[in-house]
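Take a walk through this structure, from its chain contacts down to single residues. Keep the model in view as you read.

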Amino acid sequence: MSKTESDIMRIVPSRRAVLQGTAAAAALSFDASLARVFAQTSGPIKIGVLNTFTKSVGLFGDTTFRGIETYLEEHGNKIAGRAVELIKEDDEFNPQVGLQKMRKLVESDKVHVILGPLGSHIATAMIGYMKQSGTPWIVTGAGSTALTKERIPSMYRATLSNWQVANPMGTWEARNGIKDVVVIASDFLAGHDVAEAFSATFEKGGGKIAKQVFPPVGTNDFSAYITDIRSINPAAMYGFFAGSEAGRFVKQFQQFGLKGKVKLTGFQSMLDSDTFPLQGASAVGGLSSSIYCETLDTPENKHLIELYSRKSKELPGIFTESGYTTMRIIDDAAKLVGGNIENAAEFCKAIGKTNIVAPRGPVRFDPETHQAIQNVYIREVHEEDGKFVNKVIDVVKDVGDYPGNKA
Amino acid sequence: MDLVVSQLLNGLVYGLLLFLLASGLSLIFGLMGVVNLAHGSFFMLGAFIGLSVVRYTGSFWWALVLAPIPVALIAAAIEVVFLRHLYKRDRTDQVLLTFGLSFVFTDLVEWGWGKDTFSLSEPESLENSLQFLGGYFPQYRLAIVVFGLAVALFLWLLIEKTRVGAMVRAGIDDTRTAMGIGLNVPLILTTTFASGAALAGLAGVVAGPILGVYSGVDVEVLIPAFIVIVIGGMGSLKGAFVGSLLIGIADTFGKAYMPEASMFLIYAAMIIVLLARPNGLFGQAGSQ
Amino acid sequence: MSVPRVDPLPTRIPGRKPLVGEFAFFVIALAWPFLVGSYGTGLITETLIFAIAAMSLDLLMGYGGLVSFGHAAFFGVGAYALALSGVKLGLNPWAGILIAVVTSAVAALVIGYFCVRVSGVAFFMLTLAFGQLLYSGAVKWRGITGGSDGVGGFARPQLAGVSLDDPMYMYFACLLAFALSLWLLRRIIGSQFGHALVGLRENETRMRALGYSTDRLKLCAFVISGMFAGFSGALYAIYNSFISPDALSFAQSGMFLLMVVLGGVGSLVGPAIGAAVFLLMKQFVSSHTEHWLLIVGLVFICCVMFFRSGIYGFLKQWRERGARA
């Protein structure tokens, strides 16, 4: 029955089809939770991928998706013996759209698990609904620190928390002779989150925050801000931008002559394998902190690089790795429950038991807040054989969730 | 480089980009009375076509020269097929038509090139930064300033000093009389619309390396362009020039030093001008 | 604005069974949630909410002849008023709706006061400017409005003992709201005020000569229209349990304009149909082809050029032709 259900939901309804098909589905579709428990476990596993595939951060959604595909291709498109159906939805980096697509995935497509989103503001908007719906939800991109404070039982964050990554950088910069910093971040939830986390620890380490600036989301021309930073002339700047904004900012930073004068440091999405094609040589020397580094010399990472090289001539970035590792987590958890992921409660518990070595290093979940506990790497951009790569210059091991999130 | 000077330069760059766009808009309104809500779409089309030209020929300069042509042709077609029939009707219908067209263009652009944000690179010869007045400034942006001022001069000469310009001015000032003395007004109208669109397309290519090329850029630039011509005076080239520079500089300084208030203040200024001096700073009284 | 000769007061036309269409509509409307799942019900709920906003714009545009490019301002103000009164002041959503309607009325009063003093091009530039002004306020005023992140986290209220969390009950509540709005708007249009407004649209000079204060009439239209838009905005905030500055954007104003013209300016029911067509097309066409916006744009252009009475007018002509045959 679940197979015909999914077929019906996918047909474009002509009036006839709507009345015919949905009448048949109406009996089952009305009480979604019942369907979840009683449906059989041999149909395809439906995974809803809610991410941003357009706008300036679209490239991160694309690479996340490629990471997911990489894992599936490696495993014959099967999870715990069942075929996998990926349903891709674009939230356009807009919470309103994201909510609509989320509803569609849960109510219309009836996915077994939702992956995503990318934007912290979208994730925050989703909280109320997802809490109610109980659909397993694995966050693959959004890092808002407060998300894991919500204690949603069916949610796990398999990626970073903003605090987790920005915090160690603040300490590191203060300790390494950087006296003052201008913080510049995109004017939305994640930008402010990261700015706060970095600033707090940087100041605690004895540094001074010269200024905090928040350009609107979607800014393409940073000339006014960069000129301003130049006049302040801090030792370093710490930036949070994503996607093509990050690309543009770093490039313009160099064009206005700041590279070399003011140290370029930032959040992981500023200086990542995905943004290097846009930035080129202007990124060299930039520092960032991240849960992943594409040049990690471990067998797991080498394996991912080899697989990914079949899909792309770029090295995997943080989002590719996120997609890949998230699928591995789902696979392991699904195997643990014998493929019966329809039983959402058991499936979620199995996810909680994750304890693996991923390309990024060891990953396990905080039992209270469901935040992934992992290493944070301080990375520097180098040029190597004509390519631009991040290299690890320091590691902070086993970083957990923001202490304020725990009871 | 002195902070104020650098920021002024930045404002000048943005202002001149706006001018390239707003001049066409002002011309179209001044001569045809049409509030062209598809003007941003012409900008966007120019940018995307420019992107393709660069992909095929590898040359930014070819994009600059070639991209405005298809945009002008499309605009001319629109004027003849759609707009022409609406002149007898209410002004509103023309606005609504151009509004509907903007949706069509957005979709066509996404169809043709995709929904991503694309990068149009500066020409290689202008890739570096110049050591200038004690600071660094990207060559490309300096080139924009030079180019923008050149276009402004060219347009001014064209409108004020040539016969073609005189015809256009006649058409703006008094259409019926212009027709009465034998000017081929329909041809002038089509040409004006197409020229305005070509300017917008050109602006799209020039702005590509700075603002990016993506399917939402039409709305991003359309609204500032309207602010410019409202404040500067609809139908006035001088107004478009002064207005663009004002807005460009205000936006730049506002972003850096008054981020909370700058957007709000600019719209407030627009409202005040509309109420107190509906013809803007330089618009002619009674200009439609 | 030159409005087509669609009967603005949908009443009896000789030879036509008066209530068959409406009756059929209400039967389907009542049965709908039982025919489709919660997702389909949610879609129609959203449609009803937007239909109210579209109808409110029609009052201004179709009957008042005032084409506004900033209507989303009132929609958004209502939505934020509800959201903030719940989140910041802890008020229940019923008080929130009242506050939303009052706030958007005040906004309409202020904005309308300025807008009615100008006409033509300056008028729609001004409505656009005010819309953008409020939009920029919502985006920049992070402390109050949450900036581009928006405001969320308020639950749906209870109505007569049942929780509106259930999509079916939410749907019926919105259906009720829609029916109420439609009825009220029809009464307003049929009233003396409504007739005066139409007179104003037809010939402003004559109305003034007859002694009407045209500015006052226009302002009234603004305020009433704004109130219904604010009401719709509040419902939208409740439906989504979330609101962001997009609700005030130029794109949103454009969407309302699109719905009105698509459905049929000056027909009241038309814009409701326009809202349905727009939203449902977006849903269904987009599973088939990505180019729903192209199609909508083309239909819109056709409406502007040829079918001045929109889809509703087209359907009426069709039915009349059928009745005559």
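**Where chain C meets chain B**

In this predicted model, 32 residues of chain C are in contact with 34 residues of chain B. Contact here means that the C-beta atoms of two residues, placed from the backbone, lie within 7 Å. Helix 5 (121-140), helix 11 (250-263) and helix 13 (292-305) of chain C each give two or more residues to the side that touches chain B. Helix 5 of chain C supplies the largest share, 12 residues. Helices and strands are DSSP runs, numbered from the N terminus: helices are H or I with at least four residues, strands E with at least two. By class, this side of chain C has 23 nonpolar, 8 polar and 1 charged residues. Nonpolar covers Ala, Val, Leu, Ile, Met, Phe, Trp, Tyr, Cys and Pro; charged covers Asp, Glu, Lys and Arg; the others, Gly among them, are polar.

A word on conventions. Residues are numbered from 1 along each chain as its sequence is written, while chains are lettered from A and ligands numbered from 1 in the order in which they are written. As the model is predicted, local features need pLDDT of at least 70 and side-chain atom pairs count only at pLDDT 80 or more, but totals for chains, interfaces and linings use all residues.

**Chain C on its own**

Chain C has 14 helices and 4 strands. Its radius of gyration is 19 Å, close to the 20 Å that the globule rule gives for 325 residues, so chain C is as compact as a globular protein of that length. That radius is taken over C-alpha atoms, and the rule is 2.2 Å times the number of residues to the power 0.38. Along the principal axes, the C-alpha atoms of chain C fill a box of roughly 55 × 50 × 40 Å. Of the 325 residues, 57% count as buried. A residue is buried if 20 or more other C-beta atoms, placed from the backbone, lie within 10 Å of its own; it is exposed if 12 or fewer do, and partly exposed in between. Take the contacts in chain C between residues at least 6 apart in sequence: 78% of them join residues at least 24 apart.

Now pick out two helices. Helix 7 (residues 167-190) and helix 10 (residues 214-240) of chain C pack at an angle of about 175°, with their axes 12 Å apart. The axes are lines fitted to C-alpha atoms over the stretch in contact, and angles run from 0 to 180 degrees between N-to-C directions. These two helices of chain C are therefore roughly antiparallel. On helix 7 of chain C, the contact includes C:Met170, C:Cys174 and C:Ala177. On helix 10 of chain C, it includes C:Ile224 and C:Phe228. The contact residues divide into 9 nonpolar, 1 polar and no charged.

**Chain B**

Chain B has 12 helices and 2 strands. Along the sequence they follow the pattern α-α-α-α-α-β-β-α-α-α-α-α-α-α. The C-alpha trace of chain B spans about 60 × 45 × 35 Å along its principal axes. Of its 288 residues, 56% count as buried.

**Chain A and its two domains**

The domain assignment, automatic or from a database, gives chain A domain 1 (31-160 + 300-370) and domain 2 (163-290 + 376-405). Their centres, taken over C-alpha atoms, are 27 Å apart. The contact takes 23 residues from domain 1 of chain A and 24 residues from domain 2 of chain A. Helix 4 (58-74) of chain A gives the largest share of the domain 1 side, 4 residues. That side divides into 8 nonpolar, 12 polar and 3 charged residues.

A:Asn220 sits in the loop between strand 8 (208-213) and helix 9 (223-232) of chain A. A:Asn220 counts as buried because it has 21 C-beta neighbours inside 10 Å. Leaving aside neighbours within four places in sequence, A:Asn220 is in contact with A:Arg248, B:Ile210, B:Leu211 and B:Gly212.

Most residues other than glycine have a negative phi, and most peptide bonds are trans. A:Phe93 has a positive phi of about 55°. The peptide bond from A:Gly116 to A:Pro117 is cis, with omega near -10°.

How values were computed:
Parallel < 35°, antiparallel > 145°, perpendicular 65-115°, else oblique.
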